[in-house]
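Subject: Structure handover and what turned up in it

Hi there,

Here is the structure I promised to pass on to you. Please open it alongside this email, and my notes will follow below.

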Amino acid sequence: MERKLCETVKVDLPQGDCCLEYYLIKNSVLNLPPRIHLFTYGVEIIKRSCDNGEVLETKMISDVCCSVIRMNNMISVLARNTVTPMSLHDVIEDFLTEAEALVE
């Protein structure tokens, strides 16, 4: 598994400022013939205190799709809308449901 920081967003909250870090997760698909490389991509969001960097909340969803371009676009949308770890699962589910509806 590889992890790459894509975006960081500062959020001002009444209880104190926090930073949301959005990571691209890359996993290699196993049990493939030699010289065939297939990867799946996912996302991790880490919510940290801006005061001391303490991790307040984290959520990772791997194997969302096989396209790094599509996953990077999703991460940009997540960051632009300041999606938190708590709501990540529901938002990714909505992305995938919408994409499935477009195919039908």
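First, a term that comes up throughout: a residue is called buried under 20% relative accessible area, exposed over 50%, and partly exposed in between (1.4 Å probe, protein chains only). Please keep in mind that this is a predicted model, where local features need pLDDT of at least 70 and side-chain atom pairs count only at pLDDT 80 or more, while totals for chains, interfaces and linings use all residues. Residues are numbered from 1 along each chain as its sequence is written, and side-chain values use heavy atoms, with hydrogens and water left out.

**The core**

Let me start on the inside. A nonpolar core here means a set of buried Ala, Val, Leu, Ile, Met, Phe, Trp, Tyr and Cys residues joined through side-chain atoms within 4.5 Å. The largest one has 20 residues, and Y22, V43, I45, M71, L78, L88 and I92 have the most contacts inside it. Two or more residues come from each of β1 (2-11), β2 (18-28), β3 (39-49), β4 (55-65), α1 (68-80) and α2. Helix α1 is the biggest giver, with five residues. As for those element names, helices (H or I, at least four residues) and strands (E, at least two) are DSSP runs, numbered from the N terminus.

**Salt bridges**

Next, the charged pairs. A salt bridge is counted when a side-chain nitrogen of Lys or Arg is within 4 Å of a carboxyl oxygen of Asp or Glu. How many salt bridges does the structure hold? There are three.

- E44 and R3 meet through their side chains at 2.8 Å, N to O. Because E44 is in strand β3 and R3 in strand β1, this pair ties together parts that are 41 residues apart in sequence. E44 counts as buried, at 10% relative accessibility, whereas R3 is partly exposed at 44%.
- E21 pairs with R48, and their closest N and O atoms are 2.9 Å apart. This pair also links distant parts of the chain, with E21 in strand β2 and R48 in strand β3, 27 residues apart. E21 is buried, with 12% relative accessibility, while R48 is partly exposed at 23%.
- K10 and D17 form a salt bridge through their side chains, at 3.6 Å from N to O. K10 is exposed, with a relative accessible area of 55%, and D17 is partly exposed at 28%.

**Surface patches**

Patches are made of residues with over 30% relative accessible area and no salt bridge, where like charges are joined within 9 Å and nonpolar side chains (Val, Leu, Ile, Met, Phe, Trp, Tyr) within 5 Å. Lys and Arg count as positive and Asp and Glu as negative, with His and the chain ends not counted. The place of a charge is taken as NZ of Lys, CZ of Arg, CG of Asp or CD of Glu.

Which residues form the negative surface patch? They are D90, E93, D94 and E98. E98 sits in helix α2 (residues 88-103), and it counts as exposed because its relative accessibility is 56%.

There is also a nonpolar patch on the surface, made by L32, I36 and L38, with about 230 Å² of accessible area together. Accessible areas come from the Shrake-Rupley method with a 1.4 Å probe, and for residues only the protein chains shown count as cover.

**Backbone points to look at**

Most residues other than glycine have a negative phi. D63 is not a glycine, yet its phi is positive, near 60°. D63 is in strand β4 and is partly exposed at 48% relative accessibility. T82, also not a glycine, has a positive phi of about 45°. T82 lies in the loop between α1 and α2 and is partly exposed, with a relative accessible area of 35%.

**Two distances**

C18, in strand β2, is buried with a relative accessible area of 4%. C18 and M1 are 17 residues apart in sequence and 26 Å apart in space. R48 and I92 are 44 residues apart in sequence and 21 Å apart in space.

Best wishes
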